[in-house]
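The sequence and structure are shown first.

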Amino acid sequence: MRSILTLSLVFSTIRLATPLVWAAIGGLYSERSGVINIALEGLMLAGAFTAAATTYYTHSPWAGLGSAMLAAAFFAFLLAIVCIRFKANEVVAGTGINILFLGLPAVLSGALFLSSGSTPQLPKDELLPEVAQLSVVSLLALLLVFVTQYVLYRTPFGLRLRSVGENPEAADAAGIRVNRLRYTGVVLSGVLAGIGGAYLSIGQSSLFTRNMTAGRGFIALAALIFGKWRPIQTMLACLLFGFADALTIQMQGVAKLPSGEDVPVQFIQMIPYVVTIVVLAGFIGHSRAPGALGVPYDKES
Amino acid sequence: MTRLRELLFPLIAVLCAFAVGALVVLFIGDSPIETYRLLLGSAFSWPDGIGYTLFFATPLIFTGLAVAVALRGGLLNIGAEGQLYIAAFATAWVGITLSNLPSALLIPLCCLAGIAAGAAWAAIPGILKARFGSHEVINTIMLNFIAVALVGYLTQYHYRTAGDPIMESAPISAAAHIPRLGQFVPGLPARIPLNAAFLLALLSCWLVYVLLWKTKWGYEIRATGQNPSAAEYGGVSIRKEIVLTMAISGALAGMVGINEVMGYRYRYYDGFSDNYGFTGIAVALLGRNHPVGVIAAALLFAVLQRGGVPVDAFTQLVSKDIVLILQALVILFVAAEAMFRRGGRGPGAGGRI
């Protein structure tokens, strides 16, 4: 075990937690406003594909990052229209967005790059820059968490956002425009999940591959629940899940059980999901969702 | 009038999805007409087109029914994907382990194992909701990942033939094979994997119809789905209904394994599901949670799936993933049904967490 617990494991944990933090904090803005966001996975894929494709054409990772934010924000806005304006079931609509981004990047990359589902490899100097072995996006993620903590609990916007998610009737009576805040929350979730996705394709790796998020959007959702919909706890949950992921990678083929067999990675991969179920059931401190989560607001009812 | 509307909304949703899909095809610079001709046209040839379309429809009927039953009971089961993996593995496990039994015993046992495993896996989120109030959506998503990891582990470490580079189990006993329909239908070659599970799927549709609309159980499930507090006031135990509905839903999803393991590959093949569980959501919504609608919607998606192959081969730029885009658009348009109503008022969401 000595060889496993090293500084590289710490770095690896931070790298793997980075996309989770962006997506989970994104989900936090949406869910705190009362809209369930199952679509984080799809929005991350939207960001990842757009970032890689734009960077390929413009040779600028910043243009890639910006376009990823815009693209994911656009689709989050669509999701918001379907859920808020047309009062669709938020889980169903989110599932639709997720399936859309299994297909859309594949079709687009097939047409643009004549490949089935991936974008061309980018040279290393066109990727997002690193500072002290960590991507700037990782460092910004930390900043994001503390900014979110401040915004949520110390600004009028944060107070309104939370009130809309907890008790929209009361918020409405106090003159707050419920649905406008919900649109803002969902679109913000798109912007942030888009950054998380961009980090995957033009930070951690150098191209987009089919379904490259591989469930990270759902792990982010799990972290959000495990973190009880609070910014700092959510970040800690992301770090824990990132650590489990880093451990899986480092143990592959190295660590052995006392019996001499490989440690089955599948059991480590299960950790985030099992933890979420246990936490939701209230075995380790109760995780309470925003009061009006998933309930569309109708002024007249 | 309501009956007409039941038919009209899904039709409009599909047309809208196809229209947006055509825009995507235009955007990437190919011909929508050619694409749709290939997508929809290749499914009706005999025997390959029809045989494969019905084969592709089989798992979608099961998962569509699974999601539909749950929705009728007020629950959103997005865990059919995990349930069908666990069930398929259980089916294969019995087919491998009890390989000495004769067909007359082994076939029902394999079927039952899959149905029971699917039901049990789906009952977990049911129990969690009934006992702790935790929302089935999150728990079914989490259980999907756990299921995939679990069967992956079992395949990799315990049930793979030594030296096999593919993640698949050893073959099941020949006594557990169910017949391909080619054995009975003249002109249908046995190489087409359409098998007896398709008939089981149709039978399940009828059984679900009888259960939901002709029995007390079904009445209670629907009552719980429509108005839980009224149902409870009427003497229905909501907690019992939640677990029961989830178990029935999981049992239906679990039958996908019968088609896959006993009728097609004759072994457990890791990662076999082509998003069946999630497509089941689209099938149920488009089919208005009714067994007949489920069959129609499953056929539509099977046609598209079959048509994806020639689209890949014969268009210059469009890939078969256009099918996923159409599926997603159908889900979004069906979900946003209120868009097509005057005044834009929806039925309201039922997705509290």
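The sections below describe a predicted model.

## Packing of α2(A) and α4(A)

In chain A, helix α2 spans residues 40-58 and helix α4 spans residues 90-113. Their axes lie 7 Å apart and form an angle of about 15 degrees. Because angles under 35 degrees count as roughly parallel, α2(A) and α4(A) are therefore roughly parallel to each other. The crossing of the two helices is left-handed.

On the α2(A) side, the contact is made by Leu40(A), Glu41(A), Gly42(A), Leu43(A), Leu45(A), Ala46(A), Phe49(A), Ala53(A), Tyr56(A) and Tyr57(A). On the α4(A) side, Ile97(A), Asn98(A), Phe101(A), Pro105(A), Leu108(A), Ser109(A), Leu112(A) and Phe113(A) take part. By residue class, the contact of α2(A) with α4(A) comprises 14 nonpolar, 3 polar and 1 charged.

## Interface of chains A and B

Contact between the two chains involves 53 residues of chain A and 49 residues of chain B. The buried area is about 4500 Å², and carbon and sulfur atoms give 77% of this area. Of the area that chain A buries against chain B, 14% comes from Phe86(A), Ile99(A) and Val107(A), more than from any other three residues.

## Salt bridge across the interface

The rule finds 1 salt bridge across the interface of chain A and chain B. Arg210(A) forms a salt bridge with Asp321(B), and the closest N and O atoms of the pair are 2.7 Å apart.

Note on methods: Residues numbered from 1 in each chain as written. Chains lettered and ligands numbered in written order. Predicted model: local features only at pLDDT ≥ 70, side-chain atom pairs only at ≥ 80, totals over all residues. Heavy atoms only, no water. Axes fitted to C-alpha atoms, helices over the stretch in contact; angles between N-to-C directions. Helix = DSSP H or I, 4+ residues; strand = E, 2+ residues; numbered from the N terminus. Parallel < 35°, antiparallel > 145°, perpendicular 65-115°, else oblique. Left-handed = near helix turned anticlockwise from the far one by under 90°. Contact = heavy atoms within 4.5 Å. Nonpolar A, V, L, I, M, F, W, Y, C, P; charged D, E, K, R; others polar. Buried area = accessible area lost by both parts, 1.4 Å probe. Salt bridge = Lys/Arg side-chain N within 4 Å of Asp/Glu carboxyl O.
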